[in-house]
Number of protein chains: 2
Amino acid sequence: MACGGIARIDWRGDAVGDLGAVTEVFGYVMTGEMKVMKQFSLNLKTIFLCTVATMVVSVATVAFAQIDDSLPSWNDGPAKEAIVHFVKEVTTTGGAKFVPSAERIAVFDNDGTLWAEQPMYFQLEFAFDRVKALAPMHPEWKQKQPFKAVLEGDLKTVFAGTKHTLLELMMATHTGNTTEEFSQIVENWIATAKHPKTGRPYTDMVYQPMLELLAYLRANGFKTYIVSGGGIEFIRQWAEKVYGIPPEQVIGSSIKTKFELRGGNPVLVRLPEINFINDKADKPVAINQHIGRRPIAAFGNSDGDLQMLQWVAGGEGPTLKVYIHHTDDKREWSYDRESHIGRLNKGLDEANTKGWTVVDMKKDWTRIFSFDELRKVKDQDRGH
Amino acid sequence: MACGGIARIDWRGDAVGDLGAVTEVFGYVMTGEMKVMKQFSLNLKTIFLCTVATMVVSVATVAFAQIDDSLPSWNDGPAKEAIVHFVKEVTTTGGAKFVPSAERIAVFDNDGTLWAEQPMYFQLEFAFDRVKALAPMHPEWKQKQPFKAVLEGDLKTVFAGTKHTLLELMMATHTGNTTEEFSQIVENWIATAKHPKTGRPYTDMVYQPMLELLAYLRANGFKTYIVSGGGIEFIRQWAEKVYGIPPEQVIGSSIKTKFELRGGNPVLVRLPEINFINDKADKPVAINQHIGRRPIAAFGNSDGDLQMLQWVAGGEGPTLKVYIHHTDDKREWSYDRESHIGRLNKGLDEANTKGWTVVDMKKDWTRIFSFDELRKVKDQDRGH
């Protein structure tokens with residue numbers, strides 16, 4: 001069934017056409033009753049293949065004519081509907097829940113929310129690559145842990161260490177240079193490094209539905225911010241190009257810097273000293289420090305984002321709290337309550353209790369990465 | 001001479017008409033040769049009174065026809081010309097010095113740059129008023145310094161104290177509540193408190209030429225930021241209304257806050273602990289932390305702003321560095337190298353050495369406060 005890209009899991013239970021119980025479509029599994037939805041970006045072949053099914057369900061389509069099409073990678077369902085409904089409410093001038101554009105602030109966690117975070121946080125890969133690049137200047141690292149383990153590719157030993165182990169690695173690889181030197185290092189790395197599983201640049205590992213969501217919110221007068229546990233200076237180097245989020249709208253963990261005049265030239269030197277860890281209860285603190293008003297929408301994927309979502313939930317007026325739930329072990333990864341990376345346990349309970357929106361990546365997203373679409377096109381070309 | 005509002009000190013030395021050596025005009029003194037300039041907002045009476053003089057100098061006016069009229073409270077002169085020239089350069093598409101709008105960041109100190117800071121920083125007045133308001137809950141303050149001195153209006157004793165004295169006052173008056181409670185307290189104070197000299201609300205004590213400058217820069221695609229030694233949460237309560245600068249574009253000193261759930265309701269509690277003092281060499285640090293790119297224009301008035309101006313000066317491409325020099329003891333205050341508040345000593349030397357722009361408030365501004373204009377109208381109505 002080649003029109004799977006525009007098919008969806010029927011979450012309302014109002015079955016229109018049973019197109020098969022369990023069908024492998026475009027590399028991932030879709031179960032249950034499926035129906036074909038309106039979509040503008042069909043190519044001619046797809047339209048031909050889908051024509052009959054579309055005619056059958058055309059009456060049902062009317063019920064969804066209201067659903068916004070700025071989110072083509074989102075299946076229709078409760079998650080998409082909650083988002084679109086919220087945006088319509090806060091942007092309807094004269095409506096009871098109208099929010100002025102200046103107050104339409106949306107905050108997004110980064111790792112696991114905007115881009116992937118498996119098999120380990122990408123910034124850690126950066127740190128490991130830095131250890132390798134700096135090793136010639138540090139012959140002692142060959143005998144000194146945790147550097148020795150990194151150089152030998154012995155990640156088990158690296159991760160067996162304490163928090164201090166990783167901190168030592170971060171400090172050795174992220175400090176001692178000026179902010180401009182560091183920016184250049186990150187820029188070079190992000191342009192060349194490849195994800196260990198997909199072999200693609202890390203900037204390809206961003207979630208296509210979230211890119212659409214960022215653009216959709218901005219088109220509706222929202223200001224979009226990143227609020228990440230990752231390094232603020234690390235993310236800023238590519239966030240504008242990849243997400244359309246400018247440096248001043250990136251909030252993250254940071255080290256201390258120091259102003260110096262070097263031969264009359266002012267520089268900011270990156271010191272081996274933690275300034276702020278932007279995680280858990282400190283996310284609202286950083287949001288207040290940087291933005292100074294409470295966001296009305298928050299998107300996260302782990303317990304580290306819980307307080308950020310609580311902070312937004314506590315605001316007056318309409319608010320949107322969304323958890324991205326990693327449920328797709330075919331197209332991405334599947335993990336939650338027990339994971340060491342991006343654990344979602346307390347947050348999932350609270351979302352369920354409070355009725356927050358939980359995005360089921362497997363069900364709610366027609367594709368996860370932009371390159372998923374390429375696979376789809378290939379399948380179509382083969383006449384599947 | 002009732003057209004003084006459109007007269008200026010001739011900084012080029014090309015005298016057109018000697019209208020008097022020292023003339024008291026609209027409550028302040030203007031010296032030197034004066035000539036009448038083009039201005040669009042003249043009322044009919046003013047036009048009548050100025051017609052003869054205007055005819056005499058009409059040839060000279062042509063030379064200034066290029067000067068932007070978005071800055072009516074700025075006399076033509078090197079300061080205004082430097083600003084307008086810079087803005088034209090960076091906004092001329094295809095020009096050698098064009099800067100994309102996203103990179104047009106302008107940073108402004110607040111105290112002494114956007115609003116007055118005499119006879120003492122306004123936030124200190126706020127702290128003193130808070131001591132009085134909180135005194136009933138602190139009977140011990142009647143005997144305990146520095147509170148005793150504040151309650152008795154004995155400012156000499158207060159300021160004779162150490163830095164710790166003021167810190168203790170700030171902590172006692174600025175912390176212990178939630179961010180929302182504090183916002184409300186500031187909002188109430190700013191709406192009712194009056195400046196000790198003028199008897200006007202503090203928000204009237206903003207510099208009219210700087211309001212015009214902020215609007216002019218924004219109209220030219222700039223993003224305007226406050227980078228103040230004052231409290232970030234103090235300034236944010238009124239900066240949007242008064243300056244058109246939203247909370248997320250206010251950078252300042254801060255105390256630590258802590259996220260708490262109180263009966264399920266999330267709050268940020270203001271702790272009696274310094275987080276960041278945004279002064280001197282730490283201003284570039286804060287700019288980098290909050291904005292993440294180097295501004296291309298910076299405005300300050302004291303040595304506390306020197307490193308901020310240096311940081312901007314060190315950028316690639318065109319930059320604008322401006323010091324506001326308090327030279328007008330009639331309309332405002334006159335102070336620089338020896339002042340305890342807003343000392344401008346090293347900065348003035350560096351500005352002179354490096355050729356930065358120095359705004360002479362007495363010569364460069366036709367009015368300082370918006371109510372200066374009201375005085376002018378009154379004088380005109382009396383047919384002076």
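Predicted model: local features only at pLDDT ≥ 70, side-chain atom pairs only at ≥ 80, totals over all residues.
Let me begin with a term: a salt bridge here is a side-chain nitrogen of Lys or Arg within 4 Å of a carboxyl oxygen of Asp or Glu. With that in hand, A:Glu248 forms a salt bridge with B:Lys223, and the closest N and O atoms of the pair are 2.8 Å apart. Because A:Glu248 sits in the loop between helix 9 (232–243) and strand 7 (250–262) of chain A, while B:Lys223 belongs to strand 6 of chain B, this pair joins two chains.

Is A:Glu248 buried or exposed? A:Glu248 has a relative accessible area of 8%, which means that it counts as buried, whereas B:Lys223, with a relative accessible area of 21%, is partly exposed.

Now to the interface as a whole. On the side of chain B, 37 residues are in contact with 37 residues of chain A. The two chains bury about 3000 Å² between them, and 46% of that area is on carbon and sulfur atoms. Which residues of chain B lose the most area to chain A? They are B:Glu248, B:Phe259 and B:Gln289, which together make up 22% of what that side buries.

As for the polar side of the matter, there are eight salt bridges between chain B and chain A, and the rule for polar contacts finds 20 residue pairs across the interface, both residues being at pLDDT 80 or more. The elements that give two or more residues to the side of chain B that touches chain A include helix 8 (179–192), strand 6 (223–231) and helix 10 (232–243), and among them are also strand 7 (250–262), strand 8 (265–276), helix 11 (282–290) and helix 12 (306–313) of chain B. By residue class, that side of chain B divides into 15 nonpolar, 13 polar and nine charged residues.

One that lies within chain B pairs the side chains of B:Glu212 and B:Arg367, at 3.6 Å from N to O. Here B:Glu212 is in helix 9 (residues 208–219) of chain B and B:Arg367 is in the loop between helix 14 (361–364) and helix 15 (370–381), so the pair ties together parts that are 155 residues apart in sequence. Both B:Glu212 and B:Arg367 are buried.

Another pair is B:Glu260 with B:Lys258, where the closest N and O atoms are 3.8 Å apart. B:Glu260 is partly exposed, at a relative accessible area of 26%, and B:Lys258 likewise counts as partly exposed, at 41% relative accessibility. Elsewhere, salt bridges that share partners join A:Lys223, A:Arg293, B:Glu240 and B:Glu248 into one network.

I will finish with the backbone. In chain A, a cis peptide bond with omega of about 5° joins A:Gln145 and A:Pro146, and A:Pro146 is found in the loop between helix 3 (122–134) and helix 4 (147–151). In chain B, a cis peptide bond joins B:Gln145 and B:Pro146, with omega of about 0°, and B:Pro146 lies in the loop between helix 4 (122–134) and helix 5 (147–151) of that chain.

There is also A:Lys280, which has a positive phi of about 50° although it is not a glycine. Its place is in the loop between strand 8 (265–276) and helix 10 (282–290) of chain A, and at 43% relative accessibility A:Lys280 counts as partly exposed. In chain B, phi of B:Lys280 is near 50°, again a positive value in a residue other than glycine; B:Lys280 lies in the loop between strand 8 and helix 11 of chain B, and is partly exposed, with a relative accessible area of 43%.

Conventions: Residues numbered from 1 in each chain as written. Chains lettered and ligands numbered in written order. Heavy atoms only, no water. Contact = heavy atoms within 4.5 Å. Buried area = accessible area lost by both parts, 1.4 Å probe. Polar contact = N/O pair within 3.5 Å; in protein donor to acceptor, adjacent residues only side chain to side chain. Helix = DSSP H or I, 4+ residues; strand = E, 2+ residues; numbered from the N terminus. Nonpolar A, V, L, I, M, F, W, Y, C, P; charged D, E, K, R; others polar. Buried < 20%, exposed > 50% of the residue type's maximum accessible area, 1.4 Å probe, protein only.
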